[in-house]
Amino acid sequence: MNRSASPAVDTIVAPATPPGDGGIGIVRLSGPQSEALLAGAFHGRSAVAAMVSHHLYHGRLCRADGTAVDDVLAVIMRAPHSYTGEDVAEIHCHGGSQQVRSALDLLLAAGARLARPGEFTQRAFVNGRLDLAQAEAVAALVGARSERAARVALAQLDGRLSRQLHGFAGELRELLLLLEAHIDFPDDDLGLLDRPAAAARAAAVQIAMSDLMVTFDAGRALREGVNVLILGRPNVGKSSLLNALLGEARAIVTAIPGTTRDTLEEQLVLGGFPVRLIDTAGVRDTDDPVEVEGVRRARDKAQAADLLLLVIDMSHSLTREDRMAMALAPPERTILVRNKSDLPVACNLAELAGFPHQVVVSARHGSGLAALEQSVVEHFSESAGGELAEGVVLTERRHREALGTATAAVGCFLAALAAEEPLECLALELREALTALGQITGETTSVAMLEAIFERFCIGK
Ligand code: GDP
């Protein structure tokens, strides 16, 4: 196992709460000197050495010259039962940034080193408290932008993804052992390798790995959020729909003016997915150069969007501009929104038949919005099959790539097996698959790759 990322273990310190004013600000230490550093600065009723692990104590934080910094709570979490697996101490200051700064300064002056981003989690990984996929889940949980995204990250932190991967690796390792036995003892009484049985086992693993791989689309949507574009000619009710959806949304994050004058971008959570909802100016049939530019932009945005909501006013027959908008919308990536359902229908439904996903709404009265939300969820979770509910979803591009390598290697193994190639060649493919799987959980990840992964974390995590 390649976990020797930091050879000399020193004691690190960092603020664990964000900068600025708050109720409390926490400074965290981890490493062999944690207890001694705390003892040098914290003066409570019991000596630090007598503090019970994982219990909070009230006391005063003082500089080396005895001047008081703050009234604080302190806790020591002794190894190995701590986040990092080392001795960890936390000092809970009053929340002002000055107190946290002073606490940090005095611990640095006493010999602690400022932690690099993600270094606490990296130590947890090095000490075997978490595997790499779980460590990455910590960052995903911190950065989760919806409840659903947080749930998936938590499942990964619980080790559900890791357990699936270990299941695949275990099965492939058994196959490899079997091959190696036949390679090492060809004349023994092992008999010939049962090729059909080996093929069946490898194929089952290959299918399970492919099933996991297809969850990545939904995982990426949860992790990074999705771009949903509202498209349609002027007056079909695009702005009304945007406002109705924003009114429905429980978590409106921000309202960002679009990068161009003619678009408006809002962030909200739709069916558990973080969504950037982009309202276009409207598709207009015109010679006005500004409007033509607007249509060109709408076309570009339609191509880049993960999903389009194509709004049609059902109380009107279709116009040339409606047809222009329809031409911009790829049916498989589009939900056709039949708006103004509160009015008598004047639109010929047969003309909309090219769009398989349709919902009937009234943006004005707010009806049909739940069905629209459901339709959006289905679009992004379709690819994930039932896995989304189970919580085992691939969210990291790195994981998808490694799993792709492993699946391809098992495919080569199966082909080589069918072609009756020498056992040594078969073993090579299985070893490659195992190496790729190990990169996800961290058994075979290079030091450089580990550094790159932990650098993406925030300070103090
Ligand atoms: P946009 O130009 O596509 O953004 O359209 P707007 O949202 O500005 O709406 C155009 C007009 O249609 C406004 O007068 C809205 O009040 C009206 N409208 C929008 N949605 C509905 C609806 O569901 N029913 C009815 N009856 N009117 C609607």
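Colleague: How do helix α4 and helix α15 pack, and at what angle?

Modeller: Helices here are DSSP runs of H or I with at least four residues, numbered from the N terminus. An axis is a line fitted to C-alpha atoms over the stretch in contact, and angles run from 0 to 180 degrees between N-to-C directions. In this case, α4 (residues 132-143) and α15 (residues 423-441) pack at about 40°, with axes 5 Å apart. This is a predicted model, where local features need pLDDT of at least 70 and side-chain atom pairs pLDDT 80 or more, while totals for chains, interfaces and linings use all residues. Residues are numbered from 1 along each chain as its sequence is written, and side-chain values use heavy atoms, leaving out hydrogens and water.

Colleague: Which residues in α4 and α15 meet?

Modeller: Contact means heavy atoms within 4.5 Å. From α4, Leu132, Ala133 and Glu136 meet Gln439, Ile440 and Thr441 of α15.

Colleague: And the ligand: how many residues surround it, and which are the closest?

Modeller: A residue counts as near if one of its heavy atoms lies within 4 Å. The ligand has 15 such residues around it, the closest being Asn235, Lys238, Ser239, Ser240 and Asp342. Helix α9 (residues 238-248) gives the largest share of that shell, three residues.

Key. Helix = DSSP H or I, 4+ residues; strand = E, 2+ residues; numbered from the N terminus.
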